[in-house]
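Please consult the sequence and the three-dimensional structure alongside the text.

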Amino acid sequence: MADFIPASAPVLTADWQQCPNAHMILFCGKDILLQKGPGDCCSFPAPETATLSGEALLIGHRENTPCFAAETEEIPDSLDVIPLRSAAALLPEEDFFAACRAKELLHWRKQHQFCGHCGNPLAEPENDAALVCPACNEHYYPQIAPAVIVAIVRGDQILLAHNKRFQGKIHGLIAGFVEAGESVEQAIHREIREETGVTVKNIRYFSSQCWPFPNSLMLGYYAEYESGEAVPDGEELETLGWFTADNLPEIPPHGSIARKLIDHWRGEA
Ligand SMILES: [Zn+2]
């Protein structure tokens, strides 16, 4: 699998119409449109499959093949409509990275059409990822919201919670956004204290993952339980409990950093 190389200055272009072999990363609302391959594997459709007209965002290349991102309302019969969250388990990691970049840039551009200072329409500069106001020269860069996700371990147990936003009975890890002015470590201690009532120590970094819902960067950590009784806050968390590896509830699907943290903890990664 060739690496995806992000464009340093993504631009809106109609060039996709001249690139029959390009990858077209298409979205319809929160869903991504994918070409079904053998087994559970999926890939991006070719441009001729697309029903969009006009410009698409050139977001990068794989080898010399351009990758375009666009939104469409018309869904070709040949493509599957898949929630982007689920695509993490269906796409190769490099493709999911490209899809995340596509989704975040499309969302950011939709939210940043005008200058926040003077109200003029923003323009694309050459050789820069920013959008720029031609009137006052203010630069706007894509916004990423860092969030922490933490696997809290106590002996041979892990703390898992059912968040109100989770589907079904899935139990996941404690997570939350880093607030303005906070360090990542402060955010971890605050989120865990607020949502579960326990304190932790020995925080260790694990890995990170782009999480384009709509613009997060998930920073994954392990932490050791220190003190306190685990009680769900009742606001975000409905249930909360300590589980051993051989007695886990339903956990987040493959492809998510939550699942990677849990699998790595139980020695399956
Ligand atoms: Zn301006």
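The model is a predicted one, in which local features need pLDDT of at least 70 and side-chain atom pairs count only at pLDDT 80 or more, while totals for chains, interfaces and linings use all residues. Residues are numbered from 1 along each chain as its sequence is written. The protein is divided into domain 1 (4–111) and domain 2 (145–265), with bounds that come from an automatic or database domain assignment.

**Overall architecture**

- The secondary structure comes to 4 helices and 15 strands; helices (H or I, at least four residues) and strands (E, at least two) are DSSP runs, numbered from the N terminus.
- Along the principal axes, the C-alpha atoms fill a box of roughly 60 × 50 × 30 Å.
- Of the 269 residues, 32% count as buried; a residue is buried if 20 or more other C-beta atoms lie within 10 Å of its own, exposed if 12 or fewer, and partly exposed in between, with C-beta atoms placed from the backbone.
- Among contacts with a separation of 6 or more, 64% join residues 24 or more positions apart; two residues are in contact if their C-beta atoms, placed from the backbone, lie within 7 Å.

**Domain arrangement**

- The centres of domain 1 and domain 2, taken over C-alpha atoms, are separated by 30 Å.
- Contacts between the domains involve 9 residues of domain 1 and 8 residues of domain 2.
- On the side of domain 1 that touches domain 2, H2 provides the largest share, 6 residues.
- That side of domain 1 divides into 6 nonpolar, 1 polar and 2 charged residues; Ala, Val, Leu, Ile, Met, Phe, Trp, Tyr, Cys and Pro count as nonpolar, Asp, Glu, Lys and Arg as charged, and the others, Gly among them, as polar.

**Nonpolar cores**

- The largest nonpolar core has 33 residues, of which Met24, Ile25, Leu57, Phe68, Ala69, Ala87 and Ala99 touch the most other members; such a core is a set of buried Ala, Val, Leu, Ile, Met, Phe, Trp, Tyr and Cys residues joined through C-beta atoms within 7 Å.
- At least two residues of this core come from each of strand E2 (23–28), strand E3 (31–36), strand E5 (56–62), strand E6 (65–71), helix H1 (84–87) and helix H2 (93–111).
- H2 supplies the largest share of this core, with 7 residues.
- Apart from this core lies another, of 29 residues, including Ala151, Leu160, Leu219 and Tyr221.
- Beyond its neighbours within four places in sequence, Ile25 is in contact with Phe44, Cys67, Phe68, Ala69, Ala98, Ala99 and Ala102.
- Ala87 is placed in helix H1 and counts as buried because it has 20 C-beta neighbours inside 10 Å.
- Leaving aside neighbours within four places in sequence, Ala87 is in contact with Ile32, Leu34, Ile82, Phe96 and Ala99.
- The C-alpha atom of Ala87 lies 10.0 Å from that of His254, 167 residues apart along the chain.

- H2 has 19 residues and its end C-alpha atoms are 27 Å apart, which agrees with the 27 Å span at 1.5 Å a residue; the expected span is 1.5 Å times one less than the number of residues.
- Buried residues of H2 include Asp95, Arg101, Lys103 and Glu104, as well as Phe96 and Leu105.
- Helix H3 (residues 184–196) has 13 residues and reaches 18 Å from its first C-alpha to its last, close to the expected 18 Å.
- In H3, the buried residues are Ile188, Glu191, Ile192, Glu195 and Thr196.
- These residues lie on the same side of H3 because they cover an arc of only 95° around the axis, the arc being that of the directions from the helix axis to the C-beta atoms.
- The cover over the buried residues of H3 includes strand E10 (145–154), strand E11 (157–163), strand E12 (174–177), strand E13 (199–211), strand E14 (216–227) and strand E15 (237–244).

**Backbone geometry**

- Most residues other than glycine have a negative phi, and most peptide bonds are trans.
- Phe213 and Pro214 are joined by a cis peptide bond with omega of about 0°, and Pro214 is in the loop between E13 and E14.
- Glu63, in the loop between E5 and E6, has a positive phi near 50° and counts as exposed, with 8 C-beta neighbours inside 10 Å.
- Asn202, in strand E13, has a positive phi of about 50° and is exposed, with 10 other C-beta atoms within 10 Å.
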